[in-house]
Amino acid sequence: MFRPLVLSATIALFAPLVRADDARTLWANGVQALLDQNCVKCHGPLKQKAGLALDSVESVLKGSEDGAVVTPGKPNESKLLEALAPKADPHMPPKKQLSDHEVAEVSAWIAAMSATPTAQVASVPPPATQDPSEAIDYYLAAGWKTRGIEPAQVCDDATFVRRIYLDLAGRVPKLEEAAAFLADTAPHKREALVDRLLAGEEYPVAFREVWNALLLGRHSGRREARRQRDGWYAFLESAFKQNRPWNEVVHAMIEARADKPEDKGASCFVFEQKNDYQQMAETVAPVIYGTRIDCAQCHDHPLAREIKQAHYWGLVAAFNRSKNVEGAEPSVAESAVGGFINFTNLKKESQPAVIAMLNGPTIEEARPAPDAKQDDTPDGYVDPKAKVKVPKFSRRAALADAATIDNPLLARSFVNHTWAILFGRGIVHPVDEINSKHPASHPELLEWLAKDFADHHYDMRRLIRGIVLSRGYQLAAPGKESPPPEAFAAAMEKPLIAETLLRSTEIATGVTNDDPKMRQAFVDSFPDVLPRVVRTTIQQAMFVANSPDFAGFFHPAPGSAIEQIAAMPKLEDRVREAFRRTLVRQPEADELAQGVRFLQNSKGGAADAVGQLLWALVTGPEFITNH
Amino acid sequence: MSASPIPPGACTPCEHRLHRRLFLKGLAASGAAAVTSFSGLFTNPVFAEAAQRSQKKVILLWLCGGPSQFETWDPKPGRPSSGPFASIPTSIPGIHFSSLMPRCASIAHHLNIVRCMHTKQPEHLQAINLATRGNAERAGFTRPTLGAAVSAALGGLDTRLPGFILLDPNPEGNEFKGFKASDLSGWLGPEHQPVRLGGTFTQLRRAVDSSSDDQEERAALRSYFAQKYANEHHSNTAAAQNAAFEKVKGLMSSADLFDLEKLPAKDRARYGPGLYGQYTLMARELVEQGAPFVMVANGMPWDNHVFQHEIHQMLVPELDRILHCLITDLEDRGLLDHTLVIAMGEFGRTPWLNPARGRDHYPNAWSLMMTGCGLKRGVIVGGTDEDGVDPDGTSFSEQNLFATIFTALGIDPYAEYDLPGFPTFHRVEDHAETIKELLA
């Protein structure tokens, strides 16, 4: 008797806080996740107990075999809500009581649903432009309008020059570079700088560093050294330098044969999986489909209905005739026969695995009778005597074709990743979960950019240039009130990756120390690249506070920033210079005063004191993020 | 990928902080009249200390590479699988250890040996993962290692020490190096990553040396700039960084605990000159100061595919001495009742020798030692057949082992992790049974 009273009081408390007219937002921002977590195991794509599925609005409205479970607009008449109440019979979830708050959330959502079937949300009409930057701004502005959000102003030049160097050159700008840009009075100087950086030597390296980690993951020294030796770094770098079409790059990675000189090193992508075909499938899926499919190993994806177990095992089959061939260069041979596997679903039904693409097509292949023995004859191969055998029908080549020709998911994946690299969050978030469970914040924008990218021969530079020259990319950081991140209405904080942090530390301190050991130490402490959740670890704090490697940057050395700054007669100037070098800005009055006081009170020599001042700036949140 | 620090169904941290009985004992001893609130307890140093001492802890002596059961806990005298070393009687009637372990033999009644471990991974990296995470790998999901799981369940006591400490003087170690570089806290998140000493991670001692007067002032200056930035921007990084720096500050104040030079000289001599002994001694000190989980490793020395006997002749006596010191010290200090000591590798060695007179990997039937923390003492669990080829009857898997460890620590072994967007995972899957022979 007591608890229902509490419940209604809670509803009264919570209801006014949500905008009652927006059932869609309530669903997307909480109810869906709540049902996924608590109900969908038995009422979803995998099982539909009592004929009920609760994984989408449509399926909820369809109801169970006993009829409707939700009466839109009327939570009190909805069976779904009834079942959640304590002591309900039947009670759901069976062994758990949802909190009052959670129940209130479901109730508010039902209340917000309109009695008439919801009309399709009007999609944003296409823009009247062919220019990616303009299209981005058009779609972002439409989003701000529907969300009722006022975006931040466009950032000032000092912010821009730091941001763009970090993103496209993988380091902070040098003192003279920043000064030159700030002094430049040309009207299109941002555009000019972007073009110069995209044509520069540092852009391919910076993007290789990011994509190396995204494609193959961070690993310790030996494995990274092998990637470098085997030409994987060079392959990726030249792809960005030559601006090769992305579909061509992915084709080379999957096919894994160095037929063309520019594809040398591409086979590392498959080779590094060491004949583990499931790992190959799981590694390639986010690249060609934009989504992880790991969950579909034992059953269809429990939440995203379109991802089937057949997709998972189809990708496994695409690789399971491959075999690593050790030698001077990493090569992956492929057999002309075998590799006909079956997979078993939860109902213990066995099915043959065929290469079934998530974007639709299936790769047909004659299948021998189950007990027939296949002969591995020489005429199955292009060159039967070759050390690394290439079959006349290659499953890898077939997958590479299917993945890179007329596969819209490939472009969508690259666009979403690139957007996330530059904005700090994907249009679909998390970045590698483009599926029905993770709706895009700006679906039309994602489609527009993906189509533009594919239509322009997967031109990476056009996409990157388009993004960084948009107003959206150039917005200032939010004030104290931060807009929801999916609105892209202000600049987001992005942690620098280890390599960028190392180079930026070198520039700020004027001490060069870029040996492999130092790089490894930075990577050990800052391993994340586009992490789902940004976290600062105790290991990081220990590294910057105590590591002798890191401390080396802040000892006075000939030619270092410390020596130069310490030679300035006025303490104020020393502080100003330290700020400009590290944060590309002038100190504010209180920062200046604080810095000067520190230098005055320091017991060590002038140079030591400046070293400590630089340390205090370099280890702070403003330096270790791009914002 | 976020995870709540305390999985549902697990005991709350307060339950681990203080046993009711000890609480009453402490009350009586201190003569305090009354304690009005639970949180007030911890302002009382007597209780804080009592709580810290009653806190359950783990020292995991990680014998990486896989020691031979025949040259340690399960000798086969007179059989072809036996090496050149004899077996000796122990303080448990009828039970023999290898003659390389005389000291442990003399305190066998304080130890428990599980002689029938049976696992299914013959490769190092996979086996290390299996034995430290307690379950077979599942693609796409990284299960936390034991240290992280214990840190999440028992950490957070009012201690300056981190929940999971990994002492490893040797930064190398073949596959073990790869393991150390991997994600050891899995879905529990980086806050339960170990604080490591060894290799590029040996930073605390340096910090002690370099703690000049400026150290604190520069930290204050850093935090001034950071605070200002956080106030004016919506910065998650600033807050997270701040918390991390606070933790480091706590660690720095305990930096002496991580300094080998500051360990008692007499003890250092007893534990022996090797770094494994020295770091085990450090683990003893850390645990006494409240660290809930310390793992001690030393690269991967036990993988003796060649010169098995010669190398074991060096390694086993060292282990014998270290274990003897550790167990007797913990017992003398009254810590063994609350401290679980486990000595194990990722598998055992073959009953037969290879052509290089080495023993190869053998997960099929192997031994480990675990004692303390309320476990029975002097129990020999299971056994192997006369040549040590198969377990003789009962056998236990990594899941049984983990269920036993969690139970000994008072942590619900079958609690479900609360991981939004994840499949359902438990501390121990499949309701695997505990090794009941060990549980009092």
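Guide: A cavity here is a set of grid points where a 1.4 Å probe fits but cannot get out, and its volume is the space filled by probe spheres set on those points. The model is a predicted one. On that rule the largest cavity has a volume of about 150 Å³, and the count of cavities of 30 Å³ or more comes to 15.

The lining of the largest cavity draws on both chains. From chain A come P495(A), L496(A), F526(A), P527(A), D528(A), V534(A), R535(A), T536(A), Q540(A), I624(A) and T625(A), and from chain B comes T237(B). Sorted by class, this lining has 6 nonpolar, 4 polar and 2 charged residues.

For comparison, the second largest cavity has a volume of about 80 Å³. Its lining consists of R163(A), L422(A), F423(A), G472(A), Y473(A), A490(A), A491(A), M492(A), K494(A), N626(A) and H627(A). By class these divide into 6 nonpolar, 3 polar and 2 charged.

The size of an interface is often given as the accessible area lost when the parts come together. For chain B and chain A that area is about 4,700 Å², with 61% of it on carbon and sulfur atoms.

Polar pairing across the interface can be listed as well. The rule finds 10 residue pairs in polar contact, with both residues at pLDDT 80 or more.

Side chains of opposite charge can pair when their charged atoms come close. Across this interface the rule finds 3 salt bridges. In one salt bridge the side chains of K228(B) and D590(A) meet at 3.2 Å, N to O.

Over all chains the structure holds 63 salt bridges. One within chain A joins E499(A) to R218(A), with the closest N and O atoms 2.8 Å apart. This pair links distant parts of the chain, 281 residues apart: E499(A) is in helix α21 (residues 498-509), and R218(A) is in the loop between α10 (202-216) and α11 (221-229) of chain A.

Conventions: Residues are numbered from 1 along each chain as its sequence is written. Chains are lettered from A and ligands numbered from 1 in the order in which they are written. This is a predicted model: local features need pLDDT of at least 70, side-chain atom pairs count only at pLDDT 80 or more; totals for chains, interfaces and linings use all residues. Side-chain values use heavy atoms; hydrogens and water are left out. Buried area is the accessible area (1.4 Å probe) that two parts lose on being put together, summed over both. A salt bridge is a side-chain nitrogen of Lys or Arg within 4 Å of a carboxyl oxygen of Asp or Glu. A polar contact is a pair of N or O atoms within 3.5 Å; within protein, one must be able to donate a hydrogen and the other to accept it, and residues adjacent in sequence count only if both atoms are side-chain atoms. On a 1 Å grid over the protein atoms alone, a cavity is a set of points where a 1.4 Å probe fits but cannot get out, and a pocket is an open set with protein on both sides within 12 Å along at least five of seven lines; lining residues have an atom within 4 Å of a point. Ala, Val, Leu, Ile, Met, Phe, Trp, Tyr, Cys and Pro count as nonpolar, Asp, Glu, Lys and Arg as charged, and the others, Gly among them, as polar. Helices (H or I, at least four residues) and strands (E, at least two) are DSSP runs, numbered from the N terminus.
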